[in-house]
Amino acid sequence: MSRDQPERPIRVAVVDDHPVFRLGMTALLGTLAGIECAGEAVDVDSALALVASHAPDVVLMDLHLGERSGVEATRLIRARHPDVAVLVVTMFDDDDSLFGALRAGASGYLLKGAAPQQVERGVRAVANGELLLGPEIGARAVGFFTRGADPTPFPQLTDREREILDHVAQGLGNAAIAHRLALSPKTVRNHLSNILVKLGVGDRAQAIVRARDHGLGRR
């Protein structure tokens, strides 16, 4: 290869279900030297298809993708394409979202509203194999560990609720969970109702997604 031949640009895919944000992000990428947009996706399935067909170096990932989550998409992309880096760009700044994304294999985490310079730095950093957290997120992560926070997923749940959620994430129905834990089906239903409220989800399917995003449900 000639010394004068330019380096291959960093190819970046944008995954977000908001068309205005996708448009703005692709426009930004088009202004950055040595970076090009490799395509757009709006949900988990289209993100997986895009990565498989266009082989980007970096995926900019929102965490809200309709009925499924960007954490799930991140985990699947990293499992199938370990050389692809994921940089989360989202509105969610809570601990569950942050650590769920990092556990799924994300290499960076920025909040929407980050300056263009931060996005550019994030893309270049994760493409180079580095971990990058936005200023607010970095402070949150440091605070999480320095205050000795419990690394147990969903600390707002009781031990029994977390146990039931783990069984739900395995795909067990209420009757099977009741039998396994020597509880009545009504007790399981009551616990599950409390779990949905504490997790802020609307139904069992959403609870399963959240639980699996945080490592529960593995037999």
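Tutor: Asp159 is exposed, with a relative accessible area of 64%; buried denotes under 20%, exposed over 50%, and partly exposed the range in between, for a 1.4 Å probe and protein chains only. This is a predicted model, in which local features need pLDDT of at least 70, side-chain atom pairs count only at pLDDT 80 or more, and totals for chains, interfaces and linings use all residues. Residues are numbered from 1 along each chain as its sequence is written, and side-chain values use heavy atoms, with hydrogens and water left out.

Asp159 forms a salt bridge with Arg162, where the closest N and O atoms are 3.2 Å apart; the term requires a side-chain nitrogen of Lys or Arg within 4 Å of a carboxyl oxygen of Asp or Glu. Both residues belong to helix H7 (residues 159–169), three residues apart, about one turn of the helix. Helices (H or I, at least four residues) and strands (E, at least two) are DSSP runs numbered from the N terminus. Whereas Asp159 is exposed, Arg162 is buried, with a relative accessible area of 12%.

Helix H7 also supplies Glu161, which forms a salt bridge with Lys198 at a closest N to O distance of 2.9 Å. Since Lys198 lies in helix H9 (residues 185–199), this pair ties together parts that are 37 residues apart in sequence. Glu161 is buried at 4% relative accessible area, and Lys198 is partly exposed at 35%.

The salt-bridge count comes to 12. One of these pairs is Lys112 with Asp16, whose closest N and O atoms are 2.8 Å apart. Lys112 is in the loop between strand E7 (108–111) and helix H5 (116–127), and Asp16 is in the loop between strand E1 (10–15) and helix H1 (19–29), so the pair ties together parts that are 96 residues apart in sequence. Both partners are buried: Lys112 has a relative accessible area of 18%, and Asp16 has 0%.

Asp62 sits in the loop between strand E3 (58–61) and strand E4 (64–65). Asp62 is buried, with a relative accessible area of 4%. Not counting residues up to four places away in sequence, Asp62 touches Val15, Asp16, Asp17, His18, Gly70, Val89, Thr90 and Lys112; contact here means heavy atoms within 4.5 Å. An unreviewed UniProt entry lists Asp62 as "modified residue: 4-aspartylphosphate"; UniProt positions follow the numbering used here, feature names are shortened, and annotations may be inferred rather than shown by experiment.

Two further residues complete the account. Asp213, in helix H10 (residues 204–213), is buried at 7% relative accessibility. The side chain of Asp213 makes a polar contact of 3.3 Å with that of Arg75, a polar contact being a pair of N or O atoms within 3.5 Å; within protein, one must be able to donate a hydrogen and the other to accept it, and residues adjacent in sequence count only if both atoms are side-chain atoms. Ser53, by contrast, belongs to helix H2 (residues 44–54) and is exposed, with a relative accessible area of 53%. The side chains of Ser53 and His54 are joined by a polar contact of 2.7 Å.
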